[in-house]
Amino acid sequence: MTRLTKTAIGPVLAAFCLAGNAQEASETTETPETAVVETSIPYPLDYFAMRPVIRSVSLSPDGKYLALMKIPAKDADPVVEVYEAADLTKEPFRMNADPMEITGLRWVSDTDIVFDLRQQVTDKIEGFNQGTFRFKLGLLNMATKELKEFEELGISVAHRLAHEPNKIIISMVEGDVDGRLGRTFRPRSYWELNLKRGSKRLLIRGKASLGNITFDGQGNPWLARGFDERKRELIWYWRPPGTSNWEEFRREHVDEFAFYPFRVAGLDPDKPNHALVIARNGHDTEGLWSYDLANKAFVEAIYRRADVDVGGVVGHSNPWENPFTVVGLWYDTDRTHVEYFDGDEQALIRQLEGLIPHAHDVIVQSRSRDGATLVVANFGPRDPGTYYLIQGGRLHEIGGRNPLLSYDGLADVEYVTYEARDGTKIPAYITIPHGEPPFPLVVMPHGGPFARDGSGYDEWAQMLANNGYLVIQPQFRGSTGFGIAHEKAAYENGGQQGRKMQDDKDDAATYLVDRKLADPDRLAMYGWSYGGYAALAAASRTPQLYQCVIAGAAVADPTMQINYYRFRFFGAVRDRLVKMDETAIQPIDEVAKVNVPMLIIHGSVDQRVPVDHARKYLKELHDHEKDYKYVELELADHFSNTLRYEHKIQLYESIVDYLANDCGPGGL
């Protein structure tokens with residue numbers, strides 16, 4: 001932990017000695033659809049249903065160009081716009097990918113942009129986790145405006161080769177992609193792609209026992225993972241500098257790594273032949289450690305907390321000059337906290353925090369090779385994301401992900417810990433609407449269940465708060481990021497789905513009632529995926545806390561769900577998951593006990609929780625003459641990044657209307 005006390009070794013670069021809070025708001029990225037509009041609360045639901053107006057804002061390595069993805073109209077697909085960074089008022093170069101959709105971009109040279117493409121090609125899923133999309137990789141050269149497309153299976157950029165301006169490393173899946181190994185251990189091959197000629201040269205062909213290769217800052221392969229199917233062990237390898245031989249440094253049985261993960265985060269900048277790893281190493285929470293690769297041993301605890309896991313590491317703000325260089329780590333509680341062990345990087349962020357309006361989580365999104373030009377982003381509960389360009393010692397606002405929402409119009413988020421009825425400490429995030437309490441409350445459990453919520457902008461919570469609802473997101477037992485004991489409590493006595501995990505959510509409501517923030521006669525639950533399951537389970541509980549429940553993409557039949565993937569896991573992991581789902585409260589069998597009105601919502605091409613769950617459950621509701629409404633989102637998949645404007649506006653209008661008019665007598 002002593003490394004985190006390092007002070008800056010020199011002053012912040014003069015290019016960042018900005019004069020005061022000088023800002024020049026660029027009009028370049030604003031259209032009538034995106035211009036900031038001051039409006040009274042609540043905002044029209046359209047404002048929340050819009051997909052991000054701009055994102056993926058980044059600079060070319062030489063700082064000449066600024067690229068971004070932009071949605072020019074609420075129901076449009078993204079286009080790529082590339083500006084001259086020195087003059088954002090000039091007309092940009094624009095490109096779309098119709099009929100495909102651009103989902104991401106990144107610079108790989110001074111003139112080349114790689115972008116990801118997808119297209120929804122069928123209105124039927126092809127089985128569990130077999131969706132309706134096909135994918136491509138595109139390469140755009142800004143000098144020639146030439147566009148190339150790659151359709152190889154699973155193709156991705158493995159390394160940008162910061163010091164080889166005309167080359168990148170790509171990887172692709174080879175061989176059989178089915179079977180029990182799953183996506184993690186599919187063999188990949190690695191190729192050097194010449195950006196000018198379009199030719200590629202094979203570097204390494206991976207295999208299941210040694211694949212998934214990581215390259216260092218110079219483009220040398222140094223880390224690999226493999227799987228010993230006979231022993232059911234994950235194997236870690238490293239390649240010592242100056243050699244071409246892979247050496248094994250760690251094995252983990254599948255029964256171990258599911259709960260005690262070992263993640264290599266990078267090379268230790270202070271110790272040769274050591275890696276930075278995130279692991280528990282005998283503790284309840286995950287910390288950052290220095291690991292001796294040659295001697296196969298943990299040697300130093302760099303940082304660890306007792307309350308939450310280390311979430312990950314932070315890379316250098318200038319990856320072109322400092323590729324794959326770790327400068328700090330982060331964890332999430334009341335906000336995303338970053339602990340730096342590079343004093344210059346910390347000083348830069350602290351200076352930027354003093355310049356950015358409403359600074360919350362400030363990050364350097366992109367930086368030119370010479371360090372003089374930056375794209376900086378701010379994110380927070382009341383800022384969906386705002387981007388700034390720093391050039392010539394001045395701060396220019398580029399635009400926001402959702403410029404129709406103002407800081408003052410959104411709600412504060414409070415991080416709390418409350419006691420469940422058995423004394424278990426449960427963290428939670430509370431989004432507090434404007435006005436005077438007590439408020440109507442929506443309990444909103446996350447999906448997973450082995451996941452967690454965070455401290456940043458949450459569109460659903462903010463949309464509900466903007467319409468007058470207090471929202472609590474309980475990090476119930478089983479949630480990740482709060483230590484292994486909290487996660488494993490979900491497996492207690494065979495599984496606590498619908499039992500203690502459900503108590504945690506109800507106790508969140510009681511906690512807010514006791515604080516006089518929530519009205520005990522105006523309580524509801526809304527969730528998606530596992531959160532939808534929790535809403536179904538809540539509907540049949542006695543005594544009943546809620547006036548209604550809203551279940552989105554809900555697992556109505558946990559046994560049916562586990563049957564989709566029970567043979568994709570091994571050993572103790574499979575046994576725990578199978579037992580947990582088979583012993584869970586089964587909403588499909590509890591319909592006769594349902595005692596509140598229900599709104600059921602499901603996407604018609606949901607690949608993770610197929611719509612058969614909703615249709616089976618609806619038949620039972622109908623047969624038992626229960627009070628319900630159903631909304632099916634046409635051609636909507638399970639995941640939020642696949643929901644288009646038309647899906648989101650239908651979803652939000654259905655939720656707000658139901659809460660106001662059909663949630664118990666007189667509405668919530």
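Helix axes are taken here as lines fitted to C-alpha atoms over the stretch in contact, and the angles between them run from 0 to 180 degrees between N-to-C directions. The model described is a predicted one. In these terms, the axes of helix α6 (residues 500-514) and helix α7 (residues 530-539) come within 11 Å and cross at roughly 85°. Since angles of 65 to 115 degrees count as roughly perpendicular, α6 is therefore roughly perpendicular to α7. The α6 side of this contact consists of Met 501, Gln 502 and Lys 505, which meet Tyr 530, Ala 534, Ala 537 and Ala 538 in α7. Divided by class, the contact of α6 with α7 holds five nonpolar residues, one polar and one charged.

The crossing of α4 and α11 is right-handed. From α4, the residues Glu 459, Trp 460, Met 463 and Leu 464 take part, and they meet Lys 648, Leu 651, Tyr 652, Ile 655, Val 656 and Leu 659 in α11. The contact of α4 with α11 comprises eight nonpolar and two charged residues, with no polar residue.

Helices α8 (residues 558-565) and α10 (residues 612-623) also pack against each other, at an angle of about 160° and with their axes 11 Å apart. Because angles over 145 degrees count as roughly antiparallel, α8 and α10 are roughly antiparallel to each other. The crossing of α8 and α10 is right-handed. In this pair, Met 560, Gln 561 and Tyr 564 of α8 meet Asp 612, His 613 and Lys 616 of α10. By class, the contact of α8 with α10 is divided into two nonpolar, two polar and two charged residues.

Local backbone features were also examined. A cis peptide bond, with omega about 5°, joins Gly 448 and Pro 449. Pro 449 is situated in the loop between β31 (439-443) and α4. The peptide bond from Thr 542 to Pro 543 is likewise cis, with omega near -5°. Pro 543 has its place in the loop between α7 and β34 (548-552). At Asn 212, phi is near 45°, a positive value in a residue other than glycine. Asn 212 belongs to strand β14 (residues 211-215).

At least two residues of the lining are supplied by each of the strands β2 (54-59), β6 (101-107), β10 (156-159), β22 (312-315), β23 (326-332), β24 (336-340) and β25 (361-367), and by helix α3 (343-355). Strand β25 provides the largest share of the lining of the second largest pocket, namely seven residues. By class, the lining of this pocket has 20 nonpolar, 11 polar and eight charged residues.

Definitions and conventions: Residues are numbered from 1 along each chain as its sequence is written. This is a predicted model: local features need pLDDT of at least 70, side-chain atom pairs count only at pLDDT 80 or more; totals for chains, interfaces and linings use all residues. Side-chain values use heavy atoms; hydrogens and water are left out. A crossing is left-handed if the near helix is turned anticlockwise from the far one by less than a right angle, and right-handed if clockwise. Helices (H or I, at least four residues) and strands (E, at least two) are DSSP runs, numbered from the N terminus. Contact means heavy atoms within 4.5 Å. Ala, Val, Leu, Ile, Met, Phe, Trp, Tyr, Cys and Pro count as nonpolar, Asp, Glu, Lys and Arg as charged, and the others, Gly among them, as polar. Angles under 35 degrees count as roughly parallel, over 145 as roughly antiparallel, 65 to 115 as roughly perpendicular and the rest as oblique.
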